Amino acid sequence: MAEHRPCTARNETPLQRADRNFVELLQELRVTQTGVQILFAFLLSLAFTARFADLDGVQRVTYVVTLLLAVLAAALFTAPAALHRSLFRQGAKPRIVQVSSRLATVGLAVLVFAFSGSVLLVVDVTTGRWGGVGAGAATFLVCAGLWGLLPRLVRRSGLRAEARAAAPREDAGDPPRPAPAVPGPGPGRRTVAQPTRRIGPQRRETPARRR
């Protein structure tokens, strides 16, 4: 069957490739879920502190929005496990990997806003409104640059490296060009001697007086 034929550079079948991709995705989700769990626990405990009653309206709205974003990010990161459990042994592993990858991408985007909102809230309470806005904007730019812009730059540099590596191979595959004609034999070359025509001895005409 076509599904069991090797189809990648790793000599994998489509099912083996889907299994490997899903394992790699779960490893990535374990890293991101740790940050989401810490953020979610911090936001939940913040509501039960004594200073929470001193927050103004803007700070309370920021807190609620950030808490909801953290919950949404946690739900997106745990959705692949629930999806795999629901479709277990139904031959849908490639589709599960594709959908789980999209869920993880959306979860990272939501987590950027959750991190920015939490930094905005903490710095706003400790230093002031403008300090919180600046810290939240800086957090957003750093996360967006590392999670969104950096992978694109790495991918673009990899494509350029592959193009430079493939250029000599194309030149090597061209048919050989004919060597330029040489006008005469160069030094150190042996030339084939042309056969000479043997000319017999010429008869000398004796004057008629001596005959």
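Just after H3, Gly-128 adopts a positive phi of about 145°. The model is predicted: local features need pLDDT of at least 70, side-chain atom pairs count only at pLDDT 80 or more, and totals for chains, interfaces and linings use all residues. Residues are numbered from 1 along each chain as its sequence is written, and side-chain values use heavy atoms, with hydrogens and water left out.

**Helix H3**
- Helices are DSSP runs (H or I, at least four residues), numbered from the N terminus.
- H3 covers residues 93-126, and its 34 residues should span 50 Å at 1.5 Å a residue, which agrees with the 48 Å between its end C-alpha atoms; the expected span is 1.5 Å times one less than the number of residues.

**Largest pocket**
- The volume of the largest pocket is about 250 Å³, taken as the space filled by probe spheres set on grid points joined across faces, edges and corners.
- A pocket is an open set of points on a 1 Å grid over the protein atoms alone, where a 1.4 Å probe fits, with protein on both sides within 12 Å along at least five of seven lines; lining residues have an atom within 4 Å of a point.
- Glu-24, Leu-25, Glu-28, Ser-101 and Ala-104 are the closest to the centre among the 14 lining residues.
- Helix H1 (14-46) and H3 each give two or more residues to this lining, and H1 gives the most, with seven.

**Second largest pocket**
- The second largest pocket has a volume of about 160 Å³.
- Its lining includes Phe-113, Phe-140, Cys-143 and Trp-147.
- H3 and helix H4 (129-172) each supply at least two residues of that lining.
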